Amino acid sequence: MSSFRFEQHGAVGKLTLLGDADSEPGSDFPSSLRAAVRQAYASDIRVLHLTSASGNIAVADDLGAIGDKGSKFLEAFAADILASIRLIEELPVPTVASVAGMALGGGFELLLAFDFLVVAESAMLVLPEVSVGGIPMAGGVQRLADRVGKTLATRFVLLSEPIFGKVAVDLGIATHSAPDGKLEEVSDELVRHLATGPTLAYGKARTLIHTWATGGVAAADIISTQLGAGILDTKDGAEGMAIAVAAVRKHEPIPKIQFAGK
């Protein structure tokens, strides 16, 4: 079976890692992920949500089954996952990942590609590769460092130290946490919020953030005016600005606006 399944439910794209607690996907993980992400690109979703059928995010329950295939296989395996991670980051819509249990190795690296990460308080995130003589090869080191800085990244990567959901938000790794048993509720509320938001503006703001992350303030400054050009001429932009201006003039809070399209 495929490791991933993509389904569209209205404006929401659901990307599910298949398998159960005793049978996590394995060698087809990269190709199945790539196919599912391409389906997401071809759809008209307004938000993408990654979940796991087992509650865990891992490339395999037996890492030895992949390691036994040798270095060349492992290098291609990781490169394929990294290519899909970059595709997820380039999607023109917001992305959300949620995890209830363990995110191990390449599974944790995949989570770091998403704009929003919702974790259960007891969830455990860990990059174990260095402790067994390897390194994370699917972009996890640099993306973790981007979120927590050099000092903490060194600690978590070199010591393979687990990060629990309770502290992941405080560290800047996750954006939201949820009590155990409430993960789906918290995640679904966030996904619904994004699915009815200004998709065009979300996409442009994501581009600014990613540009800053890779090129700094100067690079983001160069494209900011270009990205904003004509946005008030769109239906969402015009309606949203009119509602915001009316609220400000009445000295009222700007309401949550539901948008019908991109």
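How many bridges join strand β1 to β2, and do the two run parallel or antiparallel? The views below are close-ups of a predicted model.

**View 1. The hairpin of β1 and β2.** Strand β1 (residues 4-9) and β2 run antiparallel and are joined by six bridges. Within this pairing, Glu-7 stands opposite Lys-14 of β2. The hairpin has two residues between its strands, and Gly-10 takes a positive phi near 65 degrees there.

**View 2. Strand β2 beside strand β3.** On β3 (residues 47-52), β2 has a parallel partner, and six bridges join the two. Val-12 stands opposite Val-47 of β3. Strand β2 spans residues 12-17 and is mostly covered, with five of its six residues buried.

**View 3. Met-124 in strand β7.** Ile-163 is 39 residues away from Met-124 in sequence, yet their C-alpha atoms are 5.6 Å apart in space. Not counting residues up to four places away in sequence, Met-124 touches Pro-162, Ile-163 and Phe-164, and also Gly-101, Met-102 and Ala-103.

**View 4. Glu-129 in the loop between β7 and α5.** The loop lies between β7 (124-126) and α5 (140-148). Glu-129 is buried but has no salt bridge. Arg-143, the nearest side chain of opposite charge, is 13 Å away, whereas a salt bridge needs a side-chain nitrogen and a carboxyl oxygen within 4 Å. Leaving aside neighbours within four places in sequence, Glu-129 is in contact with Gly-105, Gly-106, Glu-109, Gly-134, Ile-135, Pro-136 and Ser-160.

Technical notes. Residues numbered from 1 in each chain as written. Predicted model: local features only at pLDDT ≥ 70, side-chain atom pairs only at ≥ 80, totals over all residues. Heavy atoms only, no water. Helix = DSSP H or I, 4+ residues; strand = E, 2+ residues; numbered from the N terminus. Buried < 20%, exposed > 50% of the residue type's maximum accessible area, 1.4 Å probe, protein only. Lys, Arg positive; Asp, Glu negative; His and termini not counted. Contact = heavy atoms within 4.5 Å. Pairing = 2+ DSSP bridges.
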